[in-house]
Every structure is written in C-alpha cells, then in structure tokens.
Amino acid sequence: MAFAFEELQVYRKSLDFAAKIVKAAEEISSSRKHYRIIEQLEAACTSIALNIAEGKGRYSKKEFKHYLYIARGSLYETLALLDLFKQLGWISVESFQNFYHQAEEINRMLSGLINSLTETR
C-alpha cells in the first residue's frame with residue numbers, strides 16, 4: 001500500500017529536484033567553505049517535498065493547502081540560494097538555468113494543486 005503523497009507527481013519531481021541539488025552541493029568548492037549556507041540550501045530544497053508529504057498526511061484540504069504554500073516558499077528560498085551560489089561561482093550558469101527550469105515546473109504544479117483545493121465544488 002502506497003502513501004497518498006507518493007502518488008503526487010509534484011512530490012516526485014520535488015524529490016528529484018532536491019536530490020540533484022544535494023548532489024551539486026557536494027561538488028561545491030571554495031577557498032573558504034561556507035557550510036551554513038550550503039546546509040541552508042540543502043534544507044530549503046528538501047523542505048519542498050517534505051512539506052508536500054506532511055501536508056498530504058493532514059486531515060483537511062485547508063491544512064494540505066497550508067503546507068503547499070510552505071513548500072512553495074521553500075522553492076523560492078531554494079532559487080534565491082541557487083542565485084547566490086551562481087553569483088559566487090559555486091555553480092555554473094548552465095546548472096542554475098537547469099535548476100530554474102525545474103523550479104518553474106514545480107511552481108506551476110504547486111500553484112495548480114493549491115488552486116484545485118481552493119475551488120468550491
């Protein structure tokens with residue numbers, strides 16, 4: 001028996017997105033390691049899928065929607081950190097653009113899911 005969140009495509013894409021970012025973070029090298037910033041990136045990117053999963057396990061659409069908003073906030077935080085990493089030269093422009101495009105898709109999916117929970121039936 002699968003958990004309900006596992007069936008959500010946005011969860012799967014968010015998990016894949018996080019895995020790619022964590023792998024990219026492992027490759028970061030600078031003359032001075034900024035572990036706290038790197039840990040913040042890892043926390044933000046993993047928080048997207050984690051909040052989707054946690055919200056799906058709640059007992060109401062209202063609570064689920066609340067967690068989807070938190071997931072979207074974590075997505076935005078991830079992008080801001082990736083932008084900083086690009087400016088610092090820790091990730092390439094190409095890597096940033098690939099992550100950005102993935103984030104755009106996840107954002108559309110989150111917004112669509114939020115809107116579907118908002119509609120009255």
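Me: How far does the backbone oxygen of alanine 44 lie from a polar atom of the side chain of threonine 78?

Reply: The model is predicted: local features need pLDDT of at least 70, side-chain atom pairs count only at pLDDT 80 or more, and totals for chains, interfaces and linings use all residues. Residues are numbered from 1 along each chain as its sequence is written, and side-chain values use heavy atoms, with hydrogens and water left out. From the backbone oxygen of alanine 44 to a polar atom of the threonine 78 side chain, the distance is 3.5 Å.

Me: What pattern does the protein chain follow along the sequence?

Reply: Helices (H or I, at least four residues) and strands (E, at least two) are DSSP runs, numbered from the N terminus. The protein chain has 4 helices and 0 strands. Its C-alpha atoms fill a box of roughly 55 × 25 × 20 Å along the principal axes. Read along the sequence, the pattern is α-α-α-α.

Me: What share of the 121 residues of the protein chain counts as buried?

Reply: A residue is buried under 20% relative accessible area, exposed over 50%, and partly exposed in between (1.4 Å probe, protein chains only). Of the 121 residues in the protein chain, the buried share is 38%.

Me: Among contacts between residues at least 6 apart in sequence, what percentage joins residues at least 24 apart?

Reply: Contact means heavy atoms within 4.5 Å. Counting contacts in the protein chain between residues at least 6 apart, the share that joins residues at least 24 apart is 75%.

Me: Is threonine 78 buried or exposed?

Reply: Threonine 78 belongs to helix α3, residues 61-88. Leaving out residues up to four places away in sequence, threonine 78 touches Phe17, Ile21, Leu41, Ala44, Cys45 and Ile48. Because its relative accessibility is 0%, threonine 78 counts as buried.

Me: Which side chain makes a polar contact with the side chain of serine 47?

Reply: Serine 47 is in helix α2, residues 35-56, and is buried, with a relative accessible area of 16%. A polar contact is a pair of N or O atoms within 3.5 Å; within protein, one must be able to donate a hydrogen and the other to accept it, and residues adjacent in sequence count only if both atoms are side-chain atoms. At 2.8 Å, the partner of the serine 47 side chain is the side chain of asparagine 51.

Me: How far apart in space are serine 47 and threonine 78, C-alpha to C-alpha?

Reply: Serine 47 lies in α2, while threonine 78 lies in α3. The two are 31 residues apart in sequence, and C-alpha to C-alpha their distance in space is 9.4 Å.

Me: Which residues is asparagine 51 in contact with, leaving aside its neighbours within four places in sequence?

Reply: Asparagine 51 is also found in helix α2. Its relative accessible area is 11%, so asparagine 51 is buried. Beyond four places in sequence, asparagine 51 is in contact with Tyr67, Ile70, Ala71 and Ser74.

Me: At what angle do α2 and α3 pack?

Reply: Two packed helices are described by the angle between their axes and the distance between the axes. Axes are lines fitted to C-alpha atoms, for helices over the stretch in contact, and angles run from 0 to 180 degrees between N-to-C directions. The axes of α2 and α3 are 8 Å apart, and the packing angle is about 160°.

Me: How are α2 and α3 oriented, roughly parallel or roughly antiparallel?

Reply: Angles under 35 degrees count as roughly parallel, over 145 as roughly antiparallel, 65 to 115 as roughly perpendicular and the rest as oblique. With a packing angle of about 160°, α2 and α3 are therefore roughly antiparallel.

Me: How many nonpolar, polar and charged residues are in the contact of α3 with α4?

Reply: The axes of α3 and α4 come within 10 Å and cross at roughly 165°, so α3 and α4 are roughly antiparallel. Ala, Val, Leu, Ile, Met, Phe, Trp, Tyr, Cys and Pro count as nonpolar, Asp, Glu, Lys and Arg as charged, and the others, Gly among them, as polar. By these classes, the contact of α3 with α4 divides into 18 nonpolar, 3 polar and 5 charged.

Me: Where is glutamate 94 found?

Reply: Glutamate 94 counts as exposed because its relative accessibility is 57%. Glutamate 94 and serine 60 are 34 residues apart in sequence and 40 Å apart in space, C-alpha to C-alpha. Glutamate 94 is found in helix α4.
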